[in-house]
Every structure is written in structure tokens, then in C-alpha cells.
Amino acid sequence: MTAPLFALVLAGGGARGFAHAGVLRALEDMGLRPSALVGVSMGSVIAVTYALRDDWYEALLALDTTAAPSPGAGHGSRASVGGPGVRRAWAGARAAWSLLSGWGAPDEAVAAGRRSLESLVGHQRLENCRIPVTVCATDLLSGSRVEMNSGHAATAVLASSSLAGILPPVEIDGRLLVDGVYADIAPVDVAHDMGALVVIAVDPTQPKTPTPPRNGLQVVMRAMEICHMNHAHERIGTADLVIRPEFDGFVDVLDFGKRDMCVEAGRRAAVDAEQRIRGLLGR
């Protein structure tokens, strides 16, 4: 089998991962199509949809994310006496209890999330992708990275994007899988192992936040993100080229309402990198 010319590694980044769609759209406009994809977390959603659907771009822009919790939902600031403050405090107590008694999100939200993924990829399998795709998750039992390139596509993507405290782990073949970012936010080596001659990584992380966390959950989320960014800096540097979208303002990991801005940021970043990309491929 001929080795792929170039592979894209679509790193995790929550809602900012919609930038991957902008990068892919810009590459297609340039007449450049990756021969392989590696996806982590939201990157896996974009990668699998791209590889399974001809109308991938329109499908992603129309993706229903209303079931996803909004930034800080259920974890508001300190309650005032009565009114919205009390409701925020009560919502925060319920959210804390859901983490102690269950997995975080209510069952109906998890079911809605699965339906959204199945609306993107149906009941297709990763083997049906038009180009090779590897989806990466984290096994809670062994603590290791898990690479998936076969099996039910929606289940693999759900496992790769199951953010701790938000979605429950996904059991596949005796492994308990959660978001791939915990083991490896940017698995560049996987793309090399797939035979890619050139590996281009897309990193949608944002180093700074304009406002301090307002509650315990936000502190935990931000602390994990800092760990992921530092890990990504070490891992992603092994790619031949790293595309880093610059967003017009801060985008929270769960702020899916800003998808259009994220897509545009990805498109701009790819256009800005066009000459470097062509130089690598020409080499």
C-alpha cells in the first residue's frame, strides 16, 4: 500500500476544535487533501465526519450541541439571598451530587450526545472511512493511550471525547475509555506510524484566559487544560508543521455557541500557512 503523502493530527480543544473544520475546508479550497487523519476529542468528531461524509462541512456546522452543558452551567458564583443566586446554588449542589452519585451529566444529556454523533456518522464503521482515520482515547484502567481504526464510528468518537465529569466513560473490549487528551492531546507519532511522509498538526488550545475561574469546577477544568497545553507543547513539536488558530476572543472549552468564529479562525490559520504547507509537500 502506498504511504500517505501527508497526515493531519487534529488535537483536542473542546469547542475550539471546530477550528479543525476551517483548516480542512481551506485545504480543500487549495486542492490539498490529507491522506490520513488522527483525531483526539473534538478532533476525532471532525476527522471521522470528514472521512465518512461528502457533506461533512455542512453537517458539522449544523451539529446539534444544545445538550452540551454551557460554560459554568450549574456551577455559578456565590449565591445571593433569594432569586437567581439561590437557583445557581441549588444547581451547583445538584451538579456536585451528580458527580458523587453518577458520572456528571444526566442520562438524557448523554443519550442526546450520542444521538448527535450518530446523526453525523450514522451506524457506519471506522473501516468505511474514505481515508485512514485513527481515533485516540484514554483507558482509565491501564492509564494508556488507546488507538482505534476499526469498529463502530460513533462509539469510538464518543469514547475519544468523553470529558471527565461531563460524560461517562465508554466501555469497549473490556477497557474503560474517556477523552483522549488525558493520555495524549497531540499523538503525532500515530500519524508517523500510519506511514505519513509529512505530518501537520492543528493545535486549537488557548494559553491565556481573560477572566479568573469563578468556582471549583472551572478551576479543575482550567487546571486540566494547562496540563494538556504543556503536554501538547512537548508532543506536538515533533510534527513537521503546527497550525495554531488565533481566535477573536476567548473560547471556553464548552462554548459551542462560538463554532462559526472557531471555524473561521481555523480557515485563516490554514490560509496563512499555505506556502509553508506547499513547501513541505513539494519537498
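Mentor: Start with a term: two strands pair if DSSP finds at least two bridges between them. With that in hand, Asp139 stands opposite Leu177 in strand E6. Keep in mind that this is a predicted model.

Trainee: Which strands is E3 paired with in the antiparallel sense, then?

Mentor: E3 and E6, residues 175–179, pair in the antiparallel sense over three bridges. Strand E4, residues 145–148, also runs antiparallel to E3, and four bridges join them.

Trainee: What sits between E3 and E4?

Mentor: They form a hairpin with five residues between the strands. Gly143 in that hairpin takes a positive phi near 75 degrees.

Trainee: And in which sense does E2 pair with E3?

Mentor: Parallel. Strand E2, residues 36–40, pairs with E3 over four bridges. The partner of Leu37 there is Val133 in E3.

Trainee: How many residues of E3 are buried?

Mentor: Seven of its seven, over residues 133–139. In general, side chains in a regular strand alternate between the two faces of the sheet. In E3 both faces are covered: Val133, Val135, Ala137 and Asp139 are on one side, and Thr134, Cys136 and Thr138 are on the other.

Trainee: Back to E6. Where is Asp179, and what is the nearest side chain of opposite charge?

Mentor: Asp179 is in strand E6. The nearest side chain of opposite charge is Arg16, 11 Å away. Asp179 is buried and has no salt bridge.

Trainee: What does its side chain reach?

Mentor: The side chain of Asp179 reaches the backbone nitrogen of Val181 at 3.0 Å. Leaving out residues up to four places away in sequence, Asp179 touches Ser41, Thr138, Ala159, Ser160, Ser161, Ser162 and Leu163. One of those, Thr138, belongs to the buried residues of E3.

Trainee: Switching topic. How many aromatic pairs are there?

Mentor: A search of the whole structure finds three. In one of them, the rings of Phe18 and Phe256 have centres 6.4 Å apart and planes at 85 degrees, so the pair is edge-to-face.

Trainee: Where do those two sit in the chain?

Mentor: Phe18 lies in the loop between strand E1 (6–10) and helix H1 (19–29), while Phe256 lies in the loop between strand E8 (241–243) and helix H9 (259–272). The pair therefore ties together parts that are 238 residues apart in sequence.

Trainee: Phe18 and Phe256, buried or exposed?

Mentor: Phe18 is buried, with a relative accessible area of 0%. Phe256 is also buried, at 15%.

Trainee: What about the rings of Tyr50 and Trp56?

Mentor: Their centres are 4.9 Å apart and their planes are at 70 degrees, so this pair is edge-to-face. Both Tyr50 and Trp56 are buried. Ring pairs link Tyr50, Trp56 and Tyr57 into a cluster.

Trainee: And Gly257, buried or exposed?

Mentor: Gly257 is exposed, with a relative accessible area of 73%. Its place is in the loop between E8 and H9. The C-alpha atoms of Gly257 and Ala15 are separated by 8.3 Å, although the two residues are 242 apart along the chain.

Trainee: How covered is H1?

Mentor: Mostly covered, with nine of its eleven residues buried. Among them are Ala19, His20, Val23 and Glu28. H1 is followed by Gly31, whose phi is positive, near 80 degrees.

Trainee: Why is E1 called largely enclosed?

Mentor: Because five of the five residues of E1 are buried, it is largely enclosed by the rest of the structure. Phe6, Leu8 and Leu10 point one way from the strand, and Ala7 and Val9 point the other way.

Trainee: Which strands does E1 pair with?

Mentor: E1 pairs in the parallel sense with E7, residues 198–202, over five bridges. Leu8 stands opposite Ile200 in E7. E1 also runs parallel to E2, joined by four bridges, and Leu10 has Gly39 of E2 as its bridge partner.

Trainee: What does the protein come to overall?

Mentor: Its secondary structure comes to ten helices and eight strands. Buried residues make up 51% of the 283 residues. Of the contacts between residues at least 6 apart in sequence, 75% join residues at least 24 apart.

Technical notes: Residues numbered from 1 in each chain as written. Heavy atoms only, no water. Buried < 20%, exposed > 50% of the residue type's maximum accessible area, 1.4 Å probe, protein only. Lys, Arg positive; Asp, Glu negative; His and termini not counted. Salt bridge = Lys/Arg side-chain N within 4 Å of Asp/Glu carboxyl O. Polar contact = N/O pair within 3.5 Å; in protein donor to acceptor, adjacent residues only side chain to side chain. Contact = heavy atoms within 4.5 Å. Phe/Tyr/Trp six-rings, centres within 6.5 Å; stacked < 30°, edge-to-face > 60°.
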